Amino acid sequence: MAEEDGRPLLKDEDEQQKQVSSSPAKEFVYESKKLWHIAGPAIFTAVCQYSLGALTQTFAGLVGDLELAAVSVENSVIAGLAFGVMLGMGSALETLCGQAFGAGKLRMLGIYMQRSWVILIFTSFLLTPIYIYSPPILQFFGETEEISQAAGEFALWMIPQLFAYAFNFPIQKFLQAQRKVLVMAWISAIVLVIHALLSWVFMLQWGWGLVG
């Protein structure tokens, strides 16, 4: 028996890597599997999150040209600015959670995430005036008054998006640090399906337009 001989029943990761290191092709396949096990769900999550705005823009195009222009401007300028700021601040948690998880300090993972929530929620309040006063801001940068007003109306309804970012980004980094990327992928897929269904109902079937 393996136990009686003093040999482990399971080979550790270093021994497995030594076995495949003799062949470049096998080593490439081995490393690729490890990479895609983490990167695959993460890529899928990013695609789903990007598709939320793309779907909204698609449904807005079915409503009318003005609505399409308004959503496009709001997504690329107002929401794009907020997304960049919130993602950048939330990404700082990736390093902290990674260090805490690697050091075995699991309690600190939750503490770091909660602190990040507080900071990002405060940042959301600071960014809210950009959404409220988006029409004059867009007109200042040369956008037409009609599109600026429509984009401003849509931006008001998108203010909760800021606070969703404040909770979403820390949770993402919290799960990524623990390699629980498959959970994120499932949640993103479910949210995308619900978003598409509700957008179709509110914007097209019920005729709510940008408000939907």
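Mentor: In this predicted model, the count of salt bridges comes to one.

Trainee: What makes the pair of Lys173 and Glu94 a salt bridge?

Mentor: The closest N and O atoms of Lys173 and Glu94 are 3.7 Å apart, and the rule asks for a Lys or Arg side-chain nitrogen within 4 Å of a carboxyl oxygen of Asp or Glu, so the pair qualifies. The partners belong to distant parts of the chain, with Lys173 in helix H7 and Glu94 in helix H3, 79 residues apart.

Trainee: Why is Lys173 called buried?

Mentor: Its relative accessible area is 9%, and buried means under 20%, so Lys173 falls in that class.

Trainee: Is Glu94 buried, partly exposed or exposed, and how do you know?

Mentor: Glu94 has a relative accessible area of 39%, which lies between the limits of 20% and 50%, and therefore Glu94 is called partly exposed.

Trainee: Which residues make the contact of H7 with H8?

Mentor: The axes of H7 and H8 come within 8 Å and cross at roughly 140°; Gln172, Leu175 and Gln176 of H7 meet Val181, Val183 and Met184 of H8. By class, four of these residues are nonpolar, two are polar and none is charged.

Trainee: Why does Tyr133 count as exposed?

Mentor: Tyr133, in the loop between helix H4 and helix H5, has 53% relative accessibility, and exposed means over 50%, so the term applies. Tyr133 is also one of the residues of a nonpolar surface patch, among them Trp157 and Trp206, with about 790 Å² of accessible area together for the whole patch.

How values were computed. Residues are numbered from 1 along each chain as its sequence is written. This is a predicted model: local features need pLDDT of at least 70, side-chain atom pairs count only at pLDDT 80 or more; totals for chains, interfaces and linings use all residues. Side-chain values use heavy atoms; hydrogens and water are left out. Helices (H or I, at least four residues) and strands (E, at least two) are DSSP runs, numbered from the N terminus. Buried means under 20% relative accessible area, exposed over 50%, partly exposed in between (1.4 Å probe, protein chains only). Axes are lines fitted to C-alpha atoms, for helices over the stretch in contact, and angles run from 0 to 180 degrees between N-to-C directions. Contact means heavy atoms within 4.5 Å. Ala, Val, Leu, Ile, Met, Phe, Trp, Tyr, Cys and Pro count as nonpolar, Asp, Glu, Lys and Arg as charged, and the others, Gly among them, as polar. Patches are made of residues with over 30% relative accessible area and no salt bridge: like charges are joined within 9 Å, nonpolar side chains (Val, Leu, Ile, Met, Phe, Trp, Tyr) within 5 Å. Accessible areas come from the Shrake-Rupley method with a 1.4 Å probe; for residues, only the protein chains shown count as cover.
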